[in-house]
Amino acid sequence: MKGQSSPWTARLFRSRLLIAGVISDAGSLETETEFDGSRVKPKEEDTNVKECIDMEQQHWLLCILFFSRPRRTLLKCFAVLCSIALLHLLIPTHEDITPKQSETLELSRIQMDVIHNVDEIETISMISSPIVEYPQAMRVLKTINTERKQVEPPNVGYYQKLKPPQPKKLNYPKSLIYINRTAIIEDGIYWAEELERKVPVGLDDGEMNIKLKQLRDLKIEYMSWPEVHSCGRGNSAQLRMSDGSKLCARYGNVCLVLGELLSFYLSRYLGMDNVPLVILSRPDPETEMWSAPEIRRRLRGRRWKSDRLVALIEWKPYLNKSITLPKVFLKGSKLLYAHHPLIYGMSDIDLLHLLQWTDVILFDYLTAHLDRLISIYKGRRKISGKIGTRNLGVSEGKKFWLLDNQTGFIWAYQLTSPSYRDSDLLLRHQEEILNSTCVFRRSTVNKITELYYSTKPFAHIRRAVHFHEPLAELNNSQAIPDCDDNALEIDEIFHERINRAYKRIQQCKEMYGHR
């Protein structure tokens, strides 16, 4: 409080007074017990001792010993011992300050930094140590306050500098929808991570590169003609490699061959690992891969030219291909959204299938795939009375595999161009498929967003193909050569589809997302 000294200052002067009284003659030094401010006033009788009391800490004791007049030598020696003991007990040094006192000292420094009014100086009990005297504290504070007024703007809040730093805000999901105690949808339009973790995982990028290299180093041991349920129809074949694995060889139109390749690398860019591996080769009997005598004979029988490209596609056995479209896409509004009533009665397996269906919808729209879902909207394909799909298989681990992607990109882009007579019908069906869902995988949305903000999105796919497959001969030119002798502006069409998919996602955010 104002007008009172600090406890440390009073303790300091009491200790000095007591020691001075012991050393000096009993009648040579008398003191008043009242404090004026923060001082103890000695009487005027002994000027020398009074001056000693006012001196700094490191000199005042020697001063009193020098000017005092004890009557006996023994009393003087005893006084020296008492003074040393009392000095040690009553005047703590910095080493004797407890941790709690150290915290108090640090707080005093902080308080000193925020003072802006000289009238508030008297409320400070100490500055940097408990033995700093009041006049010295006033001089220090006046200096600090003067310097602060020169550099700081007016009207600075008293507690502004003491305000602790704000913690970093964590981006927690704003909403979660649970079914059977499992988080299903978060933030209104995204599949929850808890559900995504239940989907079987395929090859990552590193494992993919190793596997592609291994496939190129294998030798073909047997070549059989395709069947409906093996490697499709037409001028294709099923190959048995030296390690026992099987590949499907796609020979023919370069549009179909490149369609398989481009679809595969788009899926990898989107973070999808459910499209079979694809490599390119040339059926040249002089190469190690095609050099077996049986394979040479087969090549002559099929009249495969050694300079043509062949797409070798990983064969996935034991797939269930009797897949039906979920009722969510067929009944009512035909729109999947977060609070759709049908999803609350689904099992865990059905929910995993539904999650993967949304990736299929986006992927097929970007590639303009014509065989997998278009037949559903034409109403031409049924399985046991239910609308079924083509070129889609499910493994025993409930993982979707997107098969036969040869119509993706080049061939399908040509059929949906204005020059094709049924292009309007195909485009309308593809728009319906895209607009059938408002729930997506978050990682897929992030990749589509990256492509949307890219000036040349298809260049990312070109670079991936050029890096892994030099036989494709895809450079940075706009046209795809040797595709039915037509030059197709695939970059521009792909860019338009990326924009449309991105805008659809934004529409879903506005309708169902939690901002």
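Modeller: Let's start with T389, which sits in the loop between strand 12 (386–387) and strand 13 (392–394). Keep in mind that the model is predicted: local features need pLDDT of at least 70, side-chain atom pairs count only at pLDDT 80 or more, and totals for chains, interfaces and linings use all residues. Residues are numbered from 1 along each chain as its sequence is written, and side-chain values use heavy atoms, with hydrogens and water left out.

With 0% relative accessibility, T389 counts as buried. For that label a residue needs under 20% relative accessible area, while exposed means over 50% and partly exposed is in between (1.4 Å probe, protein chains only). The C-alpha atom of T389 is 8.1 Å from that of K321, although 68 residues separate the two along the chain.

E489 belongs to the loop between helix 16 and helix 17, and its relative accessibility of 37% makes E489 partly exposed. I410 lies 79 residues away from E489 along the chain, yet their C-alpha atoms are 9.4 Å apart. D187, in the loop between strand 4 (182–186) and strand 5, is buried at a relative accessible area of 17%. D187 also has a positive phi, near 55 degrees, and is not a glycine. Y318 is another non-glycine with a positive phi, this time about 60 degrees. You'll find Y318 in the loop between strand 10 (310–314) and helix 11, where it is exposed, with a relative accessible area of 73%.

Stepping back, the chain has 17 helices and 14 strands, and 46% of its 515 residues are buried. Take the contacts whose partners have a separation of 6 or more: 68% of them join residues 24 or more positions apart. Contact here means heavy atoms within 4.5 Å.

Now for the helices. Helix 15 (residues 442–452) has T444, V445, I448 and L451 as its buried residues. Looking down the axis of helix 15, you'd see them fall within an arc of 120 degrees, so they line one face; the arc is taken from the directions running from the helix axis to the C-beta atoms. Among the elements covering those buried residues are strand 5 (190–191), helix 9 (254–269), helix 11, helix 16 (458–468) and helix 17 (490–512).

How do you describe such a pair? Two packed helices are described by the angle between their axes and the distance between the axes. For helix 15 and helix 17, the angle is about 130 degrees and the axes are 9 Å apart. That makes helix 15 oblique to helix 17. The axes are lines fitted to C-alpha atoms, for helices over the stretch in contact, and angles run from 0 to 180 degrees between N-to-C directions. Under 35 degrees is roughly parallel, over 145 roughly antiparallel, 65 to 115 roughly perpendicular, and the rest oblique.

The crossing of helix 15 and helix 17 is left-handed; left-handed means the near helix is turned anticlockwise from the far one by less than a right angle, and right-handed means clockwise. On the helix 15 side, V445, I448, T449, L451 and Y452 meet F494, I498, N499, A501, Y502 and I505 of helix 17. By class, that contact has 9 nonpolar, 2 polar and no charged residues. Ala, Val, Leu, Ile, Met, Phe, Trp, Tyr, Cys and Pro count as nonpolar, Asp, Glu, Lys and Arg as charged, and the others, Gly among them, as polar.

Helix 11 (residues 348–367) also packs against helix 14 (residues 423–434): their axes come within 9 Å and cross at roughly 150 degrees. Helix 11 and helix 14 are therefore roughly antiparallel, and their crossing is left-handed. I361, L362 and Y365 of helix 11 meet Q430, E431, I433 and L434 of helix 14. That contact divides into 5 nonpolar, 1 polar and 1 charged residues.

Key
Helix = DSSP H or I, 4+ residues; strand = E, 2+ residues; numbered from the N terminus.
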